[in-house]
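Please open the model in a viewer and follow the selections below in order. Each stop names what to select and then describes what is found there.

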Amino acid sequence: MLERMPAAPTDALLTASNLRKTYPDPGGEVVALQGFSYTFPAGQITAIMGPSGSGKTTLLNLLAGLDTPTSGTVRLGGEVISALPENARAEVRLRRFGFVFQSYNLVAVLNAWQNVAFPMGLADVGAAERKARALALLKRFGLERRAHHLPHKLSGGERQRVSVARALANDPAVIFADEPTGNLDSKSGRVVIAALREAAQEGRTVILVTHDLRLVDEVDGVLELADGVLERVRPTKRRAQPVGAP
Ligand SMILES: Nc1ncnc2c1ncn2[C@@H]1O[C@H](COP(=O)(O)OP(=O)(O)OP(=O)(O)O)[C@@H](O)[C@H]1O
Ligand SMILES: [Mg+2]
């Protein structure tokens, strides 16, 4: 069992206000995102969708504090995190955010439990607690018999469930998942989404970038980006009501 309580919903509230991001370009500047405002509902999975070049990665990087906006703010639980210096943003990413990537990004020479324990080590969790919590997280996702396997001995779906366990290692408020089902067949993809669903049910905010239309009815809301602008916020079949105004 994790010893800490799940993140309280108010601590997990991620709010973007009037985000704008431009990149320098020889022919002027590229406006990758403009006028983006949204409060991501805690306890839900929100998908960011849109054509190639519409600004999805730019937006995810700004929300996750991997990059800073040209103007506008990102707040987590009321605190403006987008204006923090890089070392403070790195702390926020380590302790308050979890990340799941399309290509898993597991450390090849560490086995499954060591991968899950890795971010706990960076957060100064003691060795015995690291191992116990990592094993508990793996068990939760049906991977207790894979705990001592290296990533290359695991299927894609298993690797991605290890990634979700790792994303939960430091009990994050928000999980960012960039195309988490991009390399998976639909059955493995559904299992990974179910794992993210469990994380959301604990009050966390889950934000997913995807091209995968099969996922539309598995998430709670969809933000549609086009040319760097939030065009539409659409509830899915899971939600009768709109999930929030832009
Ligand atoms: N580092 C950069 N320098 C210059 N322009 C960039 C940079 N990163 C992104 N862009 C431009 O910003 C716009 C948005 O790009 P972004 O990568 O956010 O789109 P995306 O929706 O993630 O696309 P894809 O679905 O192909 O991943 C595009 O016009 C892109 O060319
Ligand atoms: Mg992208």
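Begin by selecting ligand 1 together with the residues around it: Y23, V30, A32, P51, S52, G53, S54, G55, K56, T57, T58 and H211. This is a predicted model. Sorted by class, the shell around ligand 1 comprises 4 nonpolar, 7 polar and 1 charged residues.

Next, display the polar atoms at this site. Select G53, where a backbone N or O atom lies 2.8 Å from an oxygen atom of ligand 1. Move to S54, which places a polar backbone atom 3.2 Å from an oxygen atom of the ligand. Then select T57; here an N or O atom of the side chain is 2.9 Å from an oxygen atom of ligand 1. Of the 640 Å² that ligand 1 exposes when taken alone, the protein buries 59%.

Colour the secondary structure now. Which elements give two or more residues to the shell around ligand 1? They are strand 2 (28–40) and helix 1 (56–63). Helix 1 gives the most, with 3 residues.

At the start of helix 6, show the side chain of D185: one of its oxygens reaches to within 3.0 Å of the backbone nitrogen of K187. Just after helix 6, select G203, which takes a positive phi of about 100°.

Within helix 6, select S188, G189, V192, I193, A195, L196, R197, A199 and A200, which are buried. Against which elements do the buried residues of helix 6 pack? Display strand 3 (45–49), helix 4 (127–140), helix 5 (156–167), strand 7 (174–178) and strand 8 (205–209) to see these partners.

From that group, go to strand 7 and select F176. Is F176 buried or exposed? F176 counts as buried because its relative accessibility is 1%, and the cut-off for buried is under 20%. Now show the residues in contact with F176, leaving aside its neighbours within four places in sequence: L14, L60, L63, A64, F97, G98, F99, V100 and I207.

Terms used:
Residues are numbered from 1 along each chain as its sequence is written. Chains are lettered from A and ligands numbered from 1 in the order in which they are written. This is a predicted model: local features need pLDDT of at least 70, side-chain atom pairs count only at pLDDT 80 or more; totals for chains, interfaces and linings use all residues. Side-chain values use heavy atoms; hydrogens and water are left out. A residue is near a molecule or strand if one of its heavy atoms lies within 4 Å of it. A polar contact is a pair of N or O atoms within 3.5 Å; within protein, one must be able to donate a hydrogen and the other to accept it, and residues adjacent in sequence count only if both atoms are side-chain atoms. Accessible areas come from the Shrake-Rupley method with a 1.4 Å probe; for residues, only the protein chains shown count as cover. Helices (H or I, at least four residues) and strands (E, at least two) are DSSP runs, numbered from the N terminus. Ala, Val, Leu, Ile, Met, Phe, Trp, Tyr, Cys and Pro count as nonpolar, Asp, Glu, Lys and Arg as charged, and the others, Gly among them, as polar. Buried means under 20% relative accessible area, exposed over 50%, partly exposed in between (1.4 Å probe, protein chains only). Contact means heavy atoms within 4.5 Å.
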